[in-house]
Amino acid sequence: PKQQTLAVIKPDAMEEHRENILEEIRGSGFCVTQLKEMVLSRQMAEEFYKEHREKPFFSQLVEFMCRGPCMMLVLTKENAVEEWRAMMGPTDPDQAKATSSSSLRARFASDILHNSVHGSSNEQHAEEKIRFIFSDISSDTEPKTD
Ligand code: CMP
């Protein structure tokens with residue numbers, strides 16, 4: 001059965017790698033069913049990453065995700081959650097370079113924080129995050145700022 005996942009092109013990858021990443025997504029058989037560019041507010045970034053609230057890197061993560069536009073995508077494919085995670089590669093680009101050198105993070109990410117792309121970790125998160133990011137219809141045309 002078809003599955004959906006939320007993919008994010010993070011601020012560090014938007015200028016130089018966005019087109020590359022979009023091309024690879026489409027070339028890998030994902031259907032991009034929703035897409036929008038937006039600047040996350042601090043509040044939205046905190047909510048989006050609430051599962052990481054207690055982590056030592058949380059404030060850095062929120063800061064980073066708000067520093068410029070992100071591209072938000074809903075990807076549809078069989079087994080989309082796992083397939084997108086495999087395409088991204090490990091969270092840490094050093095590990096990605098060692099174990100999956102063709103992955104997006106191996107090629108485009110600069111460090112474990114600035115790691116170019118995000119993907120939902122399971123189906124339940126995917127549904128929740130898609131609803132969170134795409135429920136506000138007005139933001140389809142108006143990029144959000146604080
Ligand atoms: P992502 O897959 O979007 O999920 C949580 C994010 O937190 C992760 O990608 C990185 O951007 C960041 N992150 C994870 N681990 C660390 C870490 N040890 N130090 C700094 N940032 C991290």
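Predicted model: local features only at pLDDT ≥ 70, side-chain atom pairs only at ≥ 80, totals over all residues.
Visitor: How many helices and strands does the protein chain have, and in which pattern do they follow along the sequence?

Guide: The protein chain holds eight helices and four strands. Their pattern along the sequence is β-α-α-β-α-α-β-α-α-α-β-α. The radius of gyration is 14 Å, close to the 15 Å given by the globule rule for 146 residues, so the protein chain is as compact as a globular protein of that length. The C-alpha trace spans about 40 × 35 × 30 Å along its principal axes.

Visitor: What share of contacts joins residues at least 24 apart in sequence?

Guide: Counting contacts between residues at least 6 apart, 70% join residues at least 24 apart.

Visitor: Which residues touch the most other members of the largest nonpolar core?

Guide: In soluble globular proteins, nonpolar side chains tend to be buried together. Here, 31% of the 146 residues count as buried. The largest nonpolar core has 32 residues, of which Leu6, Ala7, Val8, Leu75, Trp84 and Val117 touch the most other members. Elements that each supply at least two residues of this core include strand S1 (2–9), strand S3 (70–78) and helix H5 (80–88). Beyond its neighbours within four places in sequence, Ala7 is in contact with Leu73, Leu75, Trp84, Val117, His118 and Gly119.

Visitor: Which residues surround the ligand, and how are they divided by class?

Guide: Around the ligand stand His52, Phe57, Leu61, Thr91, Ile112, Leu113, Asn115 and His118. This shell has four nonpolar and four polar residues, with no charged residues.

Conventions: Residues numbered from 1 in each chain as written. Rg over C-alpha atoms; globule rule 2.2 N^0.38 Å. Buried ≥ 20, exposed ≤ 12 C-beta atoms within 10 Å, placed from the backbone. Contact = placed C-beta atoms within 7 Å. Near = placed C-beta within 6 Å. Nonpolar A, V, L, I, M, F, W, Y, C, P; charged D, E, K, R; others polar. Core = buried A, V, L, I, M, F, W, Y, C linked by C-beta atoms within 7 Å.
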